[in-house]
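Biologist: I'd like to learn how to read pockets and cores in a model. Could you take me through one?

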Amino acid sequence: MTRDLIEFLATHIDELVEVPDGLNMARGLVLDCAVTGGLVSQISDEGTGHEVVAKCQNSRGRHDGSIKEAHRFDGVPSTWAVTPLGDLAKTISDGTHKTPTYVKQGVPFLSIKDVSGGFLDFSNTRFVSADEHALLTRRVEPKRGDILFCRIGTLGIPVVVETDREFSIFVSLGLIRVDADLLLPEYVALVLRSPLMYRVYDAVKAGGSHTNKLNLSTVRQLPIPVPPFAEQRRIVKKVSEISSYFDELQANLVEREAARSELTAAAMVSLYNQREVFALKHLEELVRSTADVAKLDRAIVELAVRGYLTRSMHTAKDDLSKLLAAVSDLTLETPDPTLIADSDASGLSDLPPGWAWVPLGAVLTEIKAGWSPRAQSRPAKEDEWGVLKVSACSWGEFKQSENKALTEGQAARPELEVKPGDFLISRANTAELVGRSVVVGETRPRLMLSDKTLRLKVVEGVNSRYLSIANMAEVARAHYMREASGTSSSMKNVSQKVIRRTPIPLPPREEQDRIVGVVSELMRLSRRLRMELAA
């Protein structure tokens, strides 16, 4: 890392902030540059890092003058030393290994959650009694100038204690104490939170890639690049100045992103309410996140079910009314609009000629419920029977992998097997997802409906894929949100009666088919945008 990098960041910061997570990357580059000698100049009469290490050792009672060199930080200036943290620190310890007895009021007891924001946060701490605090601090007593760091679970995140308030710490937190006249705690904290050091954590943490834990013996061996004391001060000051600048950029970026998000939301609403094409002309500027893609998806659905996507193709033929009359003896509900009169709070908009608002049951001949067999937690193998999870129908596309294998000895029910073309709907899910539907495309055999998944049989002359699109529209979603039962937002239920009386804007069959084709193309564009944003 060199000062050329800092000059590059300064020159290209406007472009960098536009890159996802660009500011955080810039912060990391600055830290790496700082702790490898590239952020500030070296001054010859300031001494050397080797002298600092020797003084640290002398202050700890070690007088042989030898330095254990560590080699994980390459390319540091010749005036610097790189040595294990254990040769520098006066204390390296951790908090109590035993969960204490908590009280409502007392002395704060800190764990990872209280430092994970990068500062000491006393707003949501637990408390221990003064007597227990006295016992706990026999092991380690945090003081101003100490460095706390996360050593179990979340790794790193060092925080310098800048308060005289008394508190105790849990085993998940480590404590490092250095001689602040020789080694600045703020400088050590910069090293411990640099991306270079995080790569060291990944290499040395206990248990390899599956366990996040830094043993104290490992902490003592962490390589610390040590500059002269005066240079440490200049590094800390320069990093603070740059961080303040980045903080200002971050605040401006958040404000600008909030404004752009509001504009995107307004443009999408205008797109399907007034058919204003501003959003379509400026998709690249407006759609910048997966949340924006979700807004675009909703706009596509609303335009589709109001007839705007195929407006030039509308016809006023009376074949829809003839169809509804011909099938009324077969369906679960009549096309009587009074059955959905209670939905006017969600706004039953005017429809194009030849369309009609109908309850979903007016085009259904059957609703088939699944069952709840004994099942394993893993998905079924190809030669095994499985039962669908609600997540198979939750996200607009049928996901056959979302299933559970039946337990050994549990008999299957072949009549509940899912087939291509099935129109499925979830009767139980979260408040946001209950009532979501899909039409099955390709699927593997031996998958059955669950008790939370219903199969809807549609009359001849109606496109089930159009019905699934209409079932995602705002009027239908408001109906499910209003009518769903259950006290917990994590699990709501809708009855078959609620499903039958879901308000659906129904066009003639030819129009249904055209809408399905156009929506399919637009959703392909939406998926491409989502993939590009995720890349």
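Modeller: Let's go through confidence, then pockets, then cores. This is a predicted model, where local features need pLDDT of at least 70 and side-chain atom pairs count only at pLDDT 80 or more, while totals for chains, interfaces and linings use all residues. Residues are numbered from 1 along each chain as its sequence is written, and side-chain values use heavy atoms, with hydrogens and water left out.

Biologist: What pLDDT does the protein average?

Modeller: pLDDT is the predictor's confidence in each residue, from 0 to 100. Here the average is 82, and 82% of the residues score at least 70.

Biologist: On to pockets. How much space lies in the largest pocket?

Modeller: Rolling a probe the size of a water molecule over the atoms shows where empty space is left. On a 1 Å grid over the protein atoms alone, a pocket is an open set of points where a 1.4 Å probe fits, with protein on both sides within 12 Å along at least five of seven lines; lining residues have an atom within 4 Å of a point. Points are joined across faces, edges and corners, and a volume is the space filled by probe spheres set on them. The largest pocket comes to about 1200 Å³. It is lined by 34 residues, with Trp395, Gly396, Glu397, Met472 and Met523 closest to its centre.

Biologist: Which element gives the most to that lining?

Modeller: α16, with nine residues. Helices (H or I, at least four residues) and strands (E, at least two) are DSSP runs, numbered from the N terminus. By residue type, the lining has 14 nonpolar, six polar and 14 charged.

Biologist: And what is the volume of the second largest pocket?

Modeller: About 840 Å³. Its lining holds 15 nonpolar, eight polar and five charged residues, and α8 supplies the largest share, seven.

Biologist: How many residues has the largest nonpolar core?

Modeller: A nonpolar core is a set of buried (under 20% relative accessible area, 1.4 Å probe, protein chains only) Ala, Val, Leu, Ile, Met, Phe, Trp, Tyr and Cys residues joined through side-chain atoms within 4.5 Å. The largest has 48 residues, and Ile235 is one of those with the most contacts inside it. Leaving aside neighbours within four places in sequence, Ile235 touches residues including Trp80, Tyr187 and Leu190. Apart from this core lies another, of 41 residues, among them Leu456 and Val519.

Notes:
Nonpolar A, V, L, I, M, F, W, Y, C, P; charged D, E, K, R; others polar. Buried < 20%, exposed > 50% of the residue type's maximum accessible area, 1.4 Å probe, protein only. Contact = heavy atoms within 4.5 Å.
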